[in-house]
Amino acid sequence: MSQSDPPPLARPEPVAAEPVAAEPRWLSGPEQEAWLPLAVLMSRLPAALDKQLQTDSGISHFEYTVLAQLSGRADRTLRMSALAELAGGSLSRLSHLVTRLERRGWIRREPCPDDGRYTNAVLTDDGHAKVASAAPGHVDAVRTLVIDALSPADLRQLRDLGHRILDRLGPDGLWPPPDRDAE
């Protein structure tokens, strides 16, 4: 508009505004009181379990979890992708770990006989011996840090709450465990 043009009499059309984001569903006081201890627990408990395993057995909590998941299978075998999911790590992280565990003679990789596109992790006898020797100290730590702090009713409630939250995380073919309905 030049200086000689009169000012517009009508209000200019508004520029299309971006959609307004919905207000977050902030946590109430009681919700925060429930969430904050859980959030701290999710960080401190794995660290405490890791420290116990490192001190007593020279392995990390992630290593123990991988070995234990394999030892719990009748054939001590799982697809790498399923093992990563069960152990709570990425496939890349698991692959690096399995390389280290292969060097120790605790795991070996094999092509999946059902589908050659996949790779299985197989727990060796030495790997089974390692997880079996680490298990008593780990179970003692779990008992001391968690189980002994709870009543039988608390344990049932913790189990039920854990199931409910895991169900919300979505089906992955690994949860619930096959025998969950027997509970």
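View 1. The patch covers about 850 Å² and is made by Leu27, Trp35, Leu36, Leu38, Leu41, Met42, Ile165, Leu166 and Leu169. Ile165 is a patch residue that lies in helix α6. Patches are made of residues with over 30% relative accessible area and no salt bridge, joining like charges within 9 Å and nonpolar side chains (Val, Leu, Ile, Met, Phe, Trp, Tyr) within 5 Å. A salt bridge is a side-chain nitrogen of Lys or Arg within 4 Å of a carboxyl oxygen of Asp or Glu. Accessible areas come from the Shrake-Rupley method with a 1.4 Å probe, and for residues only the protein chains shown count as cover.

The model is predicted: local features need pLDDT of at least 70, side-chain atom pairs count only at pLDDT 80 or more, and totals for chains, interfaces and linings use all residues. Residues are numbered from 1 along each chain as its sequence is written, and side-chain values use heavy atoms, leaving out hydrogens and water.

**View 2. Helix α6 spans residues 152-168.** Its 17 residues reach 25 Å from the first C-alpha to the last, close to the 24 Å expected at 1.5 Å a residue (1.5 Å times one less than the number of residues). After α6 comes Gly170, with a positive phi near 105°. Helices (H or I, at least four residues) and strands (E, at least two) are DSSP runs, numbered from the N terminus.

**View 3. Thr77 is found in strand β1 (residues 77-79).** With a relative accessible area of 17%, Thr77 is buried (under 20%; exposed is over 50%, partly exposed in between, with a 1.4 Å probe and protein chains only). A polar atom of the Thr77 side chain lies 2.9 Å from the backbone oxygen of Asp75. Not counting residues up to four places away in sequence, Thr77 touches Leu70, Asn120, Ala121 and Val122 (heavy atoms within 4.5 Å).

**View 4. Arg109 sits in strand β2 (residues 107-111).** Arg109 counts as partly exposed, at 27% relative accessibility. Its side chain makes a polar contact with the side chain of Glu102 at 3.2 Å, and reaches the backbone oxygen of Ser95 at 3.2 Å. A polar contact is a pair of N or O atoms within 3.5 Å; within protein, one must be able to donate a hydrogen and the other to accept it, and residues adjacent in sequence count only if both atoms are side-chain atoms. Leaving aside neighbours within four places in sequence, residues in contact with Arg109 include Met80, Val98, Thr99, Thr119 and Asn120. Val98 and Arg109 are 11 residues apart in sequence and 8.3 Å apart in space, C-alpha to C-alpha.
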